[in-house]
Amino acid sequence: MRGTVERRAIEAMIWGMPAVNLDLMCQAMLRETPARANQMLYWSRLLDWKNQTLTPNTDVVYLTPYFNTKDVGPVVLEIPPAGDGIINGTIMDAWQMPLEDVGPAGVDEGKGGKYLIPPPGHTEKAPDGYIALPSLTYGGYALLRSILNSGSDADLAKAVEYGKRIKVYPLSQAANPPETVYVDANGILYDATIPYDIRFYEALDRVVQAEPWLQRDRAMIDTLRTIGIEKGKPFAPDPEMCKALGEAAAHAHALLDGKFTQLFETSFAEGSR
């Protein structure tokens, strides 16, 4: 039985990694800053070591709105037209599945646009002038980059100000949109690293409780139930289960780390690394 639990816990970690990664970034925002859902978290300086996310770049200005449609209904993300600035990025659901790219490389082709993200099951047609992005989850985020012309302080300030032309608001308030709330995370220790212990399963439980089951993932319902994660019920593992989950997390970490190392060992010609 112990072996079965550990095996299923490893499967759950591999399956749930994209959603947990996003949840941990959102939790870092909620924990370390006053920013909340449907507002705009951004960095007014280039990123340094205090931004503990998985793959940050250090030559762009980041803006990351975390949206949630559960309580407010469809949410609008308004991207300004390219000209005296450029926004590149992707809007994603709670599983980090892309809904659409934005900016010159996206569907608006640099002309700017009003991207509309409805909640799951929403059936009303999008109003004229909006780019509808049907989502299977309530939550998600946009990973947006304001591109710098150079590394000068003046161009950095210009990229920040251009980024602040992005707007986030509920469609229900589109006739008179409220001012988008911008919260600067510069200088804050923003720790969203993956914890390979019981905290991973706590984060996975948050996702399961908050989001609907997707048809593709229904095979995981019973697997998760065997490790104590079940929709509508509290996640409260006993000491024995906590130990099993901790050991499974360590094994999963070793497995994933080995796969990562193997990828780089086999992806480059001899002598090119």
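The tour starts with the whole chain and then stops at a few residues.

Some ground rules: this is a predicted model, where local features need pLDDT of at least 70 and side-chain atom pairs count only at pLDDT 80 or more, while totals for chains, interfaces and linings use all residues. Residues are numbered from 1 along each chain as its sequence is written, and side-chain values use heavy atoms, with hydrogens and water left out.

**Whole chain**

Switch to cartoon view: there are 5 helices and 13 strands (DSSP runs, H or I of at least four residues for helices, E of at least two for strands, numbered from the N terminus). The radius of gyration is 20 Å, close to the 19 Å from the globule rule for 273 residues, so the chain is as compact as a globular protein of that length (taken over C-alpha atoms; the rule is 2.2 Å times the number of residues to the power 0.38). Along its principal axes, the C-alpha trace spans about 60 × 55 × 35 Å.

Now colour by accessibility. Buried residues make up 45% of the 273 (buried is under 20% relative accessible area, exposed over 50%, partly exposed in between, with a 1.4 Å probe and protein chains only).

**Select Y182**

Which strand holds this residue? Y182 sits in strand β12, residues 182-184. Leaving aside residues up to four places away in sequence, Y182 touches M40, Y42, L63, G163, K164, R165, I166 and K167. Pick L63 from that group: L63 and Y182 are 119 residues apart along the chain, yet their C-alpha atoms are separated by 9.2 Å. Next, show K164: its backbone oxygen lies 3.0 Å from a polar atom of the Y182 side chain.

Time for some backbone torsions. Most residues other than glycine have a negative phi. Q96 is not a glycine, but its phi is positive, near 60°. Look for Q96 in the loop between β6 (87-93) and β7 (98-102).

Move along to E109, in the loop between β7 and β8 (113-117). E109 also has a positive phi, about 55°, although it is not a glycine. Is E109 buried or exposed? E109 is exposed, with a relative accessible area of 55%.

How values were computed:
Contact = heavy atoms within 4.5 Å. Polar contact = N/O pair within 3.5 Å; in protein donor to acceptor, adjacent residues only side chain to side chain.
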